[in-house]
Amino acid sequence: MAKKSITQKTMKKKSSIRSMSSAAARLSPLADRIVVIPIIEEKTHSGIIIPDTVHKDRPERGKVVAVGPGKMGDDHRRIPLEVKVGEIVLFAKYGPDEISIGGVQYYILREEQLLAVIR
C-alpha cells in the first residue's frame, strides 16, 4: 500500500513538471524579452526554514524558460540575446511583468532589466 502512494506522488510530480514545460513552450517572447520562472527560496542563508504563512518579498532571481529572437539594431539586423534558456538570472525586485498560465507564475522582462547571470 505504501508503494502505491509513493508511485502516485511520483506520477503527480511528473505530470506537474510536464504541464509547466508545456505552458512554457506556449510562451514565445518577442524581440529582446525573456520569460523567467521565479525561484522562491524556502530557507534563509543560516538554514532556518520559513513557513508559507510568513509574508514573503517578491523573488529577485529566476530560471530562464524562453527567450525572444533579439531586438533589431539600427542596421536592421537582429541582435541575439546573451542569456540562454536554463540559466539562473538576477533582476530588479519590481522590474518584471507577472503572468500566470495554468497556475504557474512567470515573469516577462527585457534583457536590459537583468542584473546578472549566476553561473
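**Exercises: salt bridges and sheet**

Arg 110 is partly exposed, with a relative accessible area of 29%. The model is predicted.

**Exercise 1.** Find the salt-bridge partner of Arg 110 and state what the pair ties together.

Solution. 
- Step 1: the side chain of Arg 110 meets that of Asp 32, at 2.6 Å from N to O.
- Step 2: check burial. Asp 32 is buried because its relative accessibility, 4%, falls under 20%.

**Exercise 2.** Describe the surroundings of Glu 87.

Solution. 
- Step 1: Glu 87 lies in the loop between strand S4 (78-79) and S5.
- Step 2: its relative accessible area is 16%, so Glu 87 counts as buried.
- Step 3: a polar side-chain atom of Glu 87 is 2.9 Å from the backbone nitrogen of Lys 84.
- Step 4: beyond four places in sequence, Glu 87 contacts residues including Gly 62, Val 64 and Arg 119.
- Step 5: Arg 119 also forms a salt bridge with Glu 87, with the closest N and O atoms 3.5 Å apart. Arg 119 is in the segment after S8, so this pair ties together parts 32 residues apart in sequence.
- Step 6: Arg 119 is exposed, at 80%.

**Exercise 3.** Which strands stand at the edges of the sheet?

Solution. 
- Step 1: write the order of the six strands, S6-S7-S1-S2-S5-S8, in an open, antiparallel sheet.
- Step 2: S6 (97-101) and S8 (114-118) each have a single partner strand, so one side of each lacks a neighbour in the sheet.

Notes. Residues numbered from 1 in each chain as written. Predicted model: local features only at pLDDT ≥ 70, side-chain atom pairs only at ≥ 80, totals over all residues. Heavy atoms only, no water. Pairing = 2+ DSSP bridges. Helix = DSSP H or I, 4+ residues; strand = E, 2+ residues; numbered from the N terminus. Buried < 20%, exposed > 50% of the residue type's maximum accessible area, 1.4 Å probe, protein only. Polar contact = N/O pair within 3.5 Å; in protein donor to acceptor, adjacent residues only side chain to side chain. Contact = heavy atoms within 4.5 Å. Salt bridge = Lys/Arg side-chain N within 4 Å of Asp/Glu carboxyl O.
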